[in-house]
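Take a first walk through this model. Begin with the whole chain, then turn to a single residue.

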Amino acid sequence: MDVNYQFITISAVSDFSDIDNLDYLGAYSKAHKDHGDRDFETDVANTLNIRTAHRAELWELVDFLEK
């Protein structure tokens, strides 16, 4: 696929009211548990400084099928 970005980010919640309560620090801590010298605030600032948001979408699951 010919795209001008290298990664995507996905957040999933069970209810729209939970979207403001995502635990980014908890996820970060789990992802970097073996890298104790990492700093969440610094990494977030660095990420925001170098990335460009190309698109944002909000989807709602309206139905699903079980096998």
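How many positive and negative side chains does the chain have, and how far apart do the centres of the two sets lie? The chain has 6 positive side chains and 14 negative ones. The centres of these two sets lie 7 Å apart. Keep in mind that this is a predicted model.

Now look at the fold. The chain holds two helices and zero strands. Its radius of gyration is 16 Å, well over the 11 Å that the globule rule gives for 67 residues, so the chain is more spread out than a compact globule. Along the principal axes, the C-alpha atoms fill a box of roughly 45 × 30 × 25 Å.

Of the 67 residues, 3% count as buried. Buried here means under 20% relative accessible area. The accessible surface of the chain comes to about 7000 Å². Carbon and sulfur atoms account for 52% of that surface.

Next, pick out one residue. Asp 15 sits in the segment before α1, the helix that spans 24–31. Is Asp 15 buried or partly exposed? Its relative accessibility is 40%, so Asp 15 counts as partly exposed. The class covers values between the 20% limit for buried and the 50% limit for exposed.

Asp 15 also has partners to find. Its side chain makes a polar contact with the side chain of Ser 17, at 2.6 Å. Then look further along the chain, to Glu 60. Asp 15 and Glu 60 are 45 residues apart in the chain. Their C-alpha atoms are separated by 9.3 Å.

Key
Residues numbered from 1 in each chain as written. Predicted model: local features only at pLDDT ≥ 70, side-chain atom pairs only at ≥ 80, totals over all residues. Heavy atoms only, no water. Helix = DSSP H or I, 4+ residues; strand = E, 2+ residues; numbered from the N terminus. Rg over C-alpha atoms; globule rule 2.2 N^0.38 Å. Buried < 20%, exposed > 50% of the residue type's maximum accessible area, 1.4 Å probe, protein only. Areas by Shrake-Rupley, 256 points an atom, 1.4 Å probe, with all protein chains shown as cover. Lys, Arg positive; Asp, Glu negative; His and termini not counted. Charge placed at Lys NZ, Arg CZ, Asp CG, Glu CD. Polar contact = N/O pair within 3.5 Å; in protein donor to acceptor, adjacent residues only side chain to side chain.
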